[in-house]
Amino acid sequence: MNDHEVMTALRSARPVDDETLSAVADRHALQALREGITMTDRHAPPTVETPRRGRRLGGRGLTAGTLGLVLVGGGVAVATNAWDRGPLLDGINCGTALEVSDGEVTLVGSVSGPSRTGDDVADCAALRSDAGMPPLADPEALTIGGVRYVVARAGVPAAARPSSVATVAEVDRAAHVALDAALADWVDGPQGGCFTATEAERYARGALGRAGLSKWTVRVVASGAVGSCAGVEVGADGRSVEVTPGARERIERGSGTVDETVLDAAEGLRRALAGRCLGVGEAETAARGVVGSTGRVVAVADDSLACADIDLVVGGAMEVTVRGPSSSRP
C-alpha cells in the first residue's frame, strides 16, 4: 500500500469496538502510530469550532478500548484512545451552548483540547483563555455518550439531561493525566530521550511515584524489536507500565523523522530547568518564554513536589504541563 492509499484509508476509518480492536491491533503498532504525529508541523492553537458537530447520543465516544483515527496537523494520522490503552487521554470540549437535534450533539461557540489537570472545568477555562475566548458563565461539566463537555449551565437544554452524566474533578483522573504526560514527555522523558531498559524502568517508577500511583507495577516485556531505545507505555491492564527494550531508534537532528521545532522546544525547556529548583509560577513563566505562541502551557500546583517539573507532549499541538510547588524552595 502506498502513502496515498494509506492516508485514504485513515481518512475513512471509524471507531471500532473492543473485540475488533483487540483482534487486529498490536499495542506497539498503536504506539508507533501515535508517535507518527511528531513527523509534521502541528503547532496550531487549540481547535476552535462554531458550531461543533458531535457524536450521537448513546455513542461510546473515546472510552476504554475504543480506537478512533483522527487527522491532525498537516494530514498525519494519530490513534486517539483512552489512557489505559496507551498514553493518550480523551480530550474535552468547551462551549457556550449544547444543542441536540435528531439525537446528535452540536456544541456552539466551542474550543476543544486535551485534559491536563483532571478538572474539566479548570482545563476548559485554560483552553478558552489560550484561544482568546471569554470564560463560560456558570460552567457545568458533563459526559454525554462517552464524550466530555463543559458548557455554560444555561446552554444545556433539557433534552440533553437524560443522556448526560455530571462529571467532577477526580483525584484518580488527575493522577492518570500526570502519568500520561510523563510517559509522552520530550523534555526528560522517553519520547525525547533514548533510554536503556534499566533507565526506562527507573523513569517509569519515578513517574508513578510523582503521580501517586504507588500500587501500579512496572514490568519489562519482550517484543523482538532491535531498536536502540526502550519504549515505555501503560499496560493493557490499565494498572501497570510496560518497558519494551529496543522499541524504537534514536531520534537524531537532521534525520527528517521529527519537526525540528519540537527538538528546539525540548532543549529550551531542559535549559530552563537545568540546575534550578523552581516553583510552579516561575517554571510556567520560563516555559512560556521557550514555547511562545507555538504551544499551550498549563500550570498545576503540586506541593508534594520539591521542584517544578515540565512535560512536553506533542499531538495536534505542543502541550506543555508544568507541575510544581506553589513557591520555590531554597
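A search of the whole structure finds 14 salt bridges, a salt bridge being a side-chain nitrogen of Lys or Arg within 4 Å of a carboxyl oxygen of Asp or Glu. This is a predicted model, where local features need pLDDT of at least 70 and side-chain atom pairs count only at pLDDT 80 or more, while totals for chains, interfaces and linings use all residues. Residues are numbered from 1 along each chain as its sequence is written, and side-chain values use heavy atoms, with hydrogens and water left out.

**Exercise 1.** Find the salt bridge of Glu140 and Arg161, and work out which parts of the chain the pair ties together.

*Solution.*
Step 1: Look at the side chains: Glu140 and Arg161 meet at 2.5 Å, N to O.
Step 2: Place each residue. Glu140 belongs to strand S9 (residues 139-144), and Arg161 to the loop between strand S10 (147-152) and strand S11 (164-166), so the pair ties together parts that are 21 residues apart in sequence. Strands here are DSSP runs (E, at least two residues) and helices are runs of H or I (at least four), numbered from the N terminus.
Step 3: Check accessibility. Buried means under 20% relative accessible area, exposed over 50%, and partly exposed in between (1.4 Å probe, protein chains only). Glu140, at 9%, is buried, whereas Arg161, at 33%, is partly exposed.

**Exercise 2.** Arg253 forms a salt bridge with Glu260 and another with Glu267; follow both.

*Solution.*
Step 1: Arg253 to Glu260 is 2.6 Å, N to O.
Step 2: Arg253 to Glu267 is 3.3 Å, N to O. This pair links distant parts of the chain, with Arg253 in the loop between strand S14 (240-248) and helix H7 (260-273), and Glu267 in helix H7, 14 residues apart.
Step 3: Read the accessibilities: Arg253 has 38% and is partly exposed, Glu260 has 30% and is partly exposed, and Glu267 has 31% and is partly exposed.

**Exercise 3.** Describe the open sheet of three strands.

*Solution.*
Step 1: Write down the order, S15-S17-S16, and note the mixed pairing. Two strands pair if DSSP finds at least two bridges between them.
Step 2: Name the edges: strand S15 (295-301) and strand S16 (309-314) each pair on one side only.
Step 3: Take one pair. S15 and strand S17 (residues 318-324) run in the parallel sense over seven bridges. In S17, Val320 is the bridge partner of Val297.
Step 4: Recall the general idea: strands of a sheet pair through backbone hydrogen bonds, either parallel or antiparallel.
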